[in-house]
Amino acid sequence: MDVLDMTECVAQQLQQLELDGLIVYDSFYKETVLVIAPLLCVICDNPRASQLLNHLGGSAKKFCRFCMADRDTTPCSVCEERTRDISLQQIQEIQSQRTEKAKSDKSTEVGLRDVPNSLLHILADLFK
């Protein structure tokens, strides 16, 4: 099973824990308490981090998952930051292409995959 196959369920649970919390019984205080658990960190290797962010990794023209560095011209130190909003906009641009070839070309150009990923909205800002 691919990690992205589980993203919708995991994303819903993470959002529920952060926004609504979970009522549990505390045996020390002998009462119910509300536990709120925001996601602060995700630890994974580079290939998995790229996959979780819909990034193509080193094979893309825009190879860096942190910024918009171009393989041919621009070093990372002077590039525009790759943000969640930019990534979502570029994924929409990929989806709007009419042919599979155009989608593939656009995907390589921007360095992102057009695959369903519910975690992208949650994780994009954590990998900075």
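These exercises walk through one predicted model, each with a worked solution.

Residues are numbered from 1 along each chain as its sequence is written. In this predicted model, local features need pLDDT of at least 70 and side-chain atom pairs count only at pLDDT 80 or more, while totals for chains, interfaces and linings use all residues; side-chain values use heavy atoms, with hydrogens and water left out.

**Exercise 1. The chain as a whole**

Task: Find how many helices and strands the chain has, and in what order the elements run.

Solution: 
- Start with the count. There are 5 helices and 2 strands. Helices (H or I, at least four residues) and strands (E, at least two) are DSSP runs, numbered from the N terminus.
- Next, read the order. From the N terminus, the elements run α-β-β-α-α-α-α.
- Now check the spread. The chain is more spread out than a compact globule, because its radius of gyration is 18 Å, well over the 14 Å that the globule rule gives for 128 residues. The radius is taken over C-alpha atoms, and the rule is 2.2 Å times the number of residues to the power 0.38.
- Then take the box. Along the principal axes, the C-alpha atoms fill roughly 60 × 35 × 25 Å.

**Exercise 2. Surface and contacts**

Task: State what share of the residues is buried, and what the accessible surface comes to.

Solution: 
- Of the 128 residues, 30% count as buried. Buried means under 20% relative accessible area, exposed over 50%, and partly exposed in between (1.4 Å probe, protein chains only).
- The accessible surface of the chain is about 8500 Å². Carbon and sulfur atoms hold 53% of that surface. Areas come from the Shrake-Rupley method with a 1.4 Å probe; for residues, only the protein chains shown count as cover.
- Turn to contacts (heavy atoms within 4.5 Å). Among contacts with a separation of 6 or more, 49% come from residues 24 or more positions apart.

**Exercise 3. The largest nonpolar core**

Task: Identify the residues of the largest nonpolar core, and the element that gives the largest share.

Solution: 
- A nonpolar core is a set of buried Ala, Val, Leu, Ile, Met, Phe, Trp, Tyr and Cys residues joined through side-chain atoms within 4.5 Å.
- The largest one has 11 residues: Ala11, Leu52, Leu53, Ile91, Ile94, Val110, Leu112, Leu119, Leu120, Ile122 and Leu123.
- Two elements give two or more residues to this core: α3 (84–95) and α5 (120–123).
- The largest share, 3 residues, comes from α5.
- Look at one member, Leu119. Beyond residues up to four places away in sequence, Leu119 touches Thr7, Val10, Ala11, Leu14 and Leu52.

**Exercise 4. Salt bridges around Lys106**

Task: Find which residues form salt bridges with Lys106, and whether Lys106 is buried or exposed.

Solution: 
- The structure holds 5 salt bridges. Each is a side-chain nitrogen of Lys or Arg within 4 Å of a carboxyl oxygen of Asp or Glu.
- One partner is Glu93, at 3.4 Å, N to O. This pair links distant parts of the chain: Lys106 lies in helix α4 (residues 100–110), Glu93 in helix α3, 13 residues apart.
- Another partner is Glu109, at 3.6 Å, N to O. Both Lys106 and Glu109 lie in α4, 3 residues apart, about one turn of the helix.
- Lys106 is buried, because its relative accessible area is 17%. Glu93 is partly exposed at 27%, and Glu109 is partly exposed at 40%.
- Leaving aside neighbours within four places in sequence, Lys106 contacts Glu93, Ile94 and Gln97.

**Exercise 5. A second salt bridge site**

Task: Find how far apart the closest N and O atoms are in the salt bridge of Asp70 with Lys61.

Solution: 
- The closest N and O atoms are 3.9 Å apart.
- Asp70 is buried, with a relative accessible area of 11%. Lys61 is partly exposed at 35%.
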